[in-house]
Amino acid sequence: MTREPTAPVSRRILRVRGTVQGVGFRPFVYRTAIELGLGGHVFNDADGVVIDAEGEGRALDDLLTRIRTAAPPRARVESVEVEVLSPLGLGPFAIVESAPVRPSSARVSPDLATCSACLAELTDPRDRRYRYPFVNCTDCGPRYSIVRDIPYDRSRTTMASFVMCGPCAAEYQDPLSRRFHAQPNACPDCGPRITVEARSGDEAVQEVVAALRRGAIVAVKGLGGFHLACDARNAGAVGTLRERKGRALKPFAVMFPDLAGIEREAVADAASREALSGSRRPIVLLTRQPHSALAPGVAPGLRELGAFLPYTPLHHLLLRSFGGPLVMTSGNRSEEPIAAFNEEARDRLGGIADLLLLHDREIHMRADDSVVRVMLGRERVLRRARGHVPEAIDLGFAAPSVLAVGADLKSVLALTTGSAAILSQHIGDLESYEAQRFFAEVRENLERLFQVEPRVVAHDLHPGYHSTAIARRTGLPALGVQHHHAHIASCLAENGRRGPVIGVAWDGTGYGDDGSVWGGEILVADLAGFERVGRIRPVALPGGDAAVREPWRMAVAHLMAAGLATARVRNAGRPTVEAMIREGVNSVPTSSAGRLFDAVASLVGLSDVATYEGQAAMELEAVSDPDAEPYALPVAAGPLIDVDAGPLVAAVVADVDRGLSARAIGGRFHAALAEAIAEASRLARQRTTLGTVALSGGCFQSRLLTELVVKRLERDGFEVLLHARVPPNDGGIALGQAAVAAWRLRSHE
Ligand code: ZN
Ligand code: ZN
Ligand code: FE
């Protein structure tokens with residue numbers, strides 16, 4: 001209802017910041033203002049949304065309250081700045097076109113899974129978008145993946161080339177429509193289409209479904225890139241996909257038509273179900289049911305399954321027509337970035353896929369699927385990409401802009417602007433040229449979208465990292481941040497803390513400030529700096545990277561360090577490795593916790609060769625008894641708290657010889673690590689009186705270890721900080737580097 005504003009009239013300008021573009025925010029403001037009888041207008045600017053409203057004071061108060069409490073579900077209001085001005089007699093409330101660009105902190109929204117209203121239209125034979133694979137609205141659809149520039153308007157997205165038909169244009173202009181200013185709005189008459197060879201539309205879907213039923217592998221163009229799809233119940237098809245993709249054992253993600261299908265294969269608690277069906281739609285790691293209809297090759301050797309639900313209309317059509325689970329794995333070879341362009345897919349995926357399902361809406365920014373796991377009742381991100389990016393993490397303090405280049409494996413970069421840290425999507429292993437090019441693309445895109453010009457670059461101390469070389473090439477003033485300090489700073493930053501805390505940074509490998517390889521660190525750290533107060537007693541890392549790929553080498557190293565016989569390691573290379581360690585050739589010392597996992601996994605007979613990072617630890621976790629009694633793992637006080645793995649390794653060997661199961665040994669091992677972390681934390685507390693422990697590093701991807709450690713620490717009265725929105729693995733390093741650099745710049749101002 002519209003009514004004339006009655007005196008006394010006042011005028012206020014509200015500047016709303018946060019994720020407020022492309023999420024139906026202006027229509028919401030419009031409807032609210034009309035309802036409250038306000039005059040004025042609303043528009044997007046480069047920082048967010050600006051509302052210039054006039055009317056009764058109480059109505060203006062109501063508007064502000066509703067913006068804070070009743071904004072659309074996808075909007076995230078970070079702040080509202082209010083300016084009071086003298087009334088002008090503004091006309092009836094209206095939505096005006098975006099103001100021209102100026103330096104910006106407006107947030108581009110992440111890509112959003114198909115909403116229920118759009119899904120209803122997709123499956124309604126009377127609807128004009130019935131079975132149309134690109135149906136979307138202001139509550140759902142592509143965002144980050146199609147935005148070329150800001151402000152967020154259709155002309156600056158990859159939808160620019162599609163001219164809306166009459167009915168679509170009418171929806172786009174109707175403030176009361178769900179599609180009002182829905183930039184990717186489209187229909188079968190005017191929008192993008194899918195094609196498979198010479199077929200298009202529904203025929204293309206039927207063709208793909210028939211091929212999948214025959215056991216074919218199909219490359220499917222999605223939201224952030226291509227997937228490789230095949231029937232998850234067809235062992236032959238899954239085997240062929242592994243062979244062609246060059247991926248021996250790393251688990252495949254499986255997309256199911258619905259939640260009920262997932263629950264037949266895996267156990268999903270309330271938090272997992274919420275993660276599965278939310279608008280981010282990540283891959284969720286779930287514990288498998290004992291009986292499975294899936295081909296064994298989907299996730300060999302693991303008790304967990306990576307499951308997810310359809311998140312685009314095309315997925316819904318495919319999965320419903322197919323009627324069963326599909327392997328949907330990133331469209332790439334091994335660790336390369338995901339393919340996104342039609343031509344690129346023909347080149348790179350042509351040899352893997354039997355058929356290509358293409359469409360003509362271009363993907364501007366590719367992004368893999370995000371991966372999460374529920375631990376301690378909360379969703380925790382292990383790979384942060386589609387659905388999360390480019391959402392900002394608030395540092396809580398402002399500083400000049402920083403570019404943080406992250407680490408080399410699981411590369412992610414971060415940019416800061418004001419107090420916001422924007423993390424890029426998962427980029428992959430920077431070893432490949434393609435990944436380095438992708439890194440450059442992502443950086444350029446984020447700098448443009450957020451209008452950021454970094455003044456400083458933060459990087460790892462590792463002199464051989466590709467990311468360190470990238471940092472040097474920027475020519476910016478550079479700040480090196482130690483790897484494990486960055487892990488703990490990352491955990492602090494995402495929890496809105498600055499420290500100091502006791503930081504337990506346990507991972508596979510990171511360059512220590514003494515030139516050795518760290519990875520089992522106890523730090524006292526804040527954003528400004530750190531002191532290493534403890535670590536796992538170093539053993540040799542024979543052969544460097546070779547030791548990462550071949551866990552048996554770490555078994556030899558730990559046996560020798562414990563003064564035990566090595567004959568039980570049945571590998572032809574053992575004598576050579578022994579000699580290397582004895583003579584100190586290519587065997588730097590390492591305090592790595594990840595390598596201790598490798599050694600124990602190898603000693604219990606699980607993995608002798610790792611085909612993907614963390615495989616040995618994941619396989620060991622999969623078999624371990626969660627309720628086992630711990631092995632003794634002595635922790636000694638001293639200038640450097642010393643965790644001596646020797647007695648533990650001796651006990652493992654004795655249990656193997658007694659014929660104890662891997663389940664029992666693995667369980668006792670995990671429990672021992674939890675005890676050791678608790679003991680080291682107690683010693684650190686005695687010295688510092690700090691009562692908070694931050695846990696970070698790749699080891700805390702393990703649910704078993706994390707839950708055991710948190711239980712022990714809380715029993716001892718510690719407050720525990722964990723990751724949730726940012727990965728504990730090296731995908732979180734960039735945030736830590738950014739926080740440390742931003743904090744130093746801020747302190748020096
Ligand atoms: Zn929708
Ligand atoms: Zn249309
Ligand atoms: Fe790390």
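Donors, as I use the word today, are N, O and S atoms within 2.8 Å of the metal (3.2 Å for Na, K and Ca), and because water is not among the atoms, sites may look incomplete. Hello everyone, and thanks for coming.

Some housekeeping. This is a predicted model, where local features need pLDDT of at least 70 and side-chain atom pairs count only at pLDDT 80 or more, while totals for chains, interfaces and linings use all residues. Residues are numbered from 1 along each chain as its sequence is written, chains are lettered from A and ligands numbered from 1 in the order in which they are written, and side-chain values use heavy atoms, with hydrogens and water left out.

Let's go to the zinc sites. Which residues coordinate the zinc ion (ligand 1)? They are C115, C118, C137 and C140, each through SG, at 2.3 to 2.4 Å. Those 4 donor atoms subtend angles of 102 to 121°, so the arrangement is tetrahedral (four donors count as such if all angles lie between 85 and 135 degrees). Along the sequence, the spacing of these donor residues reads C-x2-C-x18-C-x2-C. C115 sits in the loop between β5 (94-95) and α3 (116-122), and C137 in the loop between α3 and α4 (166-173), so this pair, 22 residues apart, links distant parts of the chain. Helices here are DSSP runs of H or I with at least four residues, strands are runs of E with at least two, and both are numbered from the N terminus.

Are C115 and C137 buried or exposed? Buried means under 20% relative accessible area, exposed over 50%, and partly exposed in between, using a 1.4 Å probe and protein chains only. C115 comes out buried because its relative accessible area is 10%, and C137 is buried at 0%.

Now the zinc ion (ligand 2): its protein donors are the SG atoms of C165, C168, C187 and C190, 2.3 Å away. Angles of 105 to 116° among the 4 donor atoms give a tetrahedral site, and the donor spacing is C-x2-C-x18-C-x2-C. C165 and C168 are both buried.

On to the strands, which pair if DSSP finds at least two bridges between them. β24 (residues 517-525) runs antiparallel to β25 through 5 bridges, and the two make a hairpin with 4 residues between them. A525 has F530 of β25 as its bridge partner. β25 also pairs with β29 (residues 641-643), parallel, over 3 bridges, with I536 opposite V643. Of the 7 residues in β25 (530-536), 5 are buried.

That's my tour, and I'm happy to take questions.

Terms used: Tetrahedral: all angles 85-135°; square planar, octahedral: opposite > 155°, others 65-115°.
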